[in-house]
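Dear colleague,

Please find below the sequence and structure that I am handing over to you. My notes follow directly after them.

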Amino acid sequence: KNIILLGPPGAGKGTQAKRLVDERAMVQLSTGDMLREAMTSGTEMGRRVADVMEKGQLVTDEIVIGLIEERLTGPAGGGFIFDGFPRTLKQADALGALMARLGQTLDAVIEMQVDDAALVRRITGRYTCGTCGAVYHDETKPTQVAGTCDVCGGHEMKRRADDNEEALKTRLMEYYKKTSPLIGYYYAKGQLRSVDGLAEMDAVADSIAKVLDKS
Ligand code: AP5
Ligand code: ZN
């Protein structure tokens with residue numbers, strides 16, 4: 001099955017996508033991860049987007065649509081999870097056209113509902129393993145041994161350059177202005193399913209599993 005995880009920064013899209021990869025062999029397509037990879041590998045595109053991302057603004061539709069298009073023809077495993085894409089109506093239309101061309105269907109759009117106060121706590125407490133990308137949180141999901149990744153044993157914990165209050169304000173504003181109209185867009189297409197993203201991680205995973213098994 002192919003699904004979109006839709007929600008504001010910090011809603012838990014990446015956390016839940018990683019579980020679906022482990023539990024259902026689905027393929028996570030995170031445009032945020034792809035852009036950060038392009039930045040660390042020092043490609044021309046990576047250099048161009050670094051400044052925009054650090055401020056918390058959206059990069060151009062053309063760039064992210066190109067990134068997704070490249071991956072859609074690759075291995076699909078148990079289905080694609082679109083994480084952080086689409087983020088504008090133009091991206092949503094482009095995804096629809098690409099899927100139709102490849103004979104693929106979109107099975108559900110899962111909106112993860114979380115309030116703003118929780119988002120700020122989640123983003124400012126987040127850190128990730130620099131080796132394997134596992135996602136942690138100072139309070140809700142710390143590593144078992146301080147400074148050591150539970151998954152790969154790595155010792156290099158990182159915080160994202162855009163995980164500060166200033167950039168987060170911009171990211172939230174971008175979400176409400178440009179991405180939240182997608183809720184109505186997919187509702188009108190009959191594809192929208194909403195889950196309570198404020199619940200504990202396991203409970204959120206259960207709600208998503210229910211949606212997947214029903215769609
Ligand atoms: P992107 O990387 O997509 O970031 P985002 O949308 O801001 O989302 P996050 O990764 O911050 O949050 P998440 O929902 O994945 O939360 P997580 O699971 O980590 O985008 C970054 C930038 O790239 C954009 O600003 C833009 O510049 C650019 N970009 C990317 N895609 C683009 C596109 N399509 N178009 C244009 N530009 C694009 O969880 C957060 C924290 O909370 C973690 O610490 C986690 O442990 C914790 N947590 C998770 N779930 C729970 C829970 N249930 N209870 C308690 N804590 C929890
Ligand atoms: Zn790790």
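**Cysteine sites from the record**

Cys 132 lies in the loop that joins strand E5 (126-129) to strand E6; helices (H or I, at least four residues) and strands (E, at least two) are DSSP runs numbered from the N terminus. This is a predicted model, in which local features need pLDDT of at least 70 and side-chain atom pairs count only at pLDDT 80 or more, while totals for chains, interfaces and linings use all residues. Residues are numbered from 1 along each chain as its sequence is written, and chains are lettered from A and ligands numbered from 1 in the order in which they are written.

According to UniProt (unreviewed entry), a "binding site" annotation covers Cys 129, Cys 132, Cys 149 and Cys 152. UniProt positions are given here in the numbering of this model, feature names are shortened, and annotations may be inferred rather than shown by experiment.

Of the 36 residues around ligand 1, Pro 9, Gly 12, Gly 14, Gly 32 and Gly 84 come nearest; a residue counts as near if its C-beta atom, placed from the backbone, lies within 6 Å of the molecule. Among the elements that each supply at least two residues of this shell are helix H1 (13-24), helix H9 (201-214) and strand E6 (135-137). The shell has 14 nonpolar, 14 polar and eight charged residues, where Ala, Val, Leu, Ile, Met, Phe, Trp, Tyr, Cys and Pro count as nonpolar, Asp, Glu, Lys and Arg as charged, and the others, Gly among them, as polar.

**Helix packing**

The axes of helix H4 (residues 61-72) and helix H5 (residues 89-101) come within 10 Å and cross at roughly 25 degrees. Axes are lines fitted to C-alpha atoms, for helices over the stretch in contact, and angles run from 0 to 180 degrees between N-to-C directions. The crossing makes H4 roughly parallel to H5, a term for angles under 35 degrees. Residues of H4, including Ile 65 and Leu 72, meet residues of H5, including Ala 94 and Leu 98; contact requires C-beta atoms, placed from the backbone, within 7 Å. The residues of this contact divide into seven nonpolar, one polar and three charged.

H1 and H9 pack at an angle of about 65 degrees, with their axes 11 Å apart.

With kind regards

Terms used:
Parallel < 35°, antiparallel > 145°, perpendicular 65-115°, else oblique. Contact = placed C-beta atoms within 7 Å.
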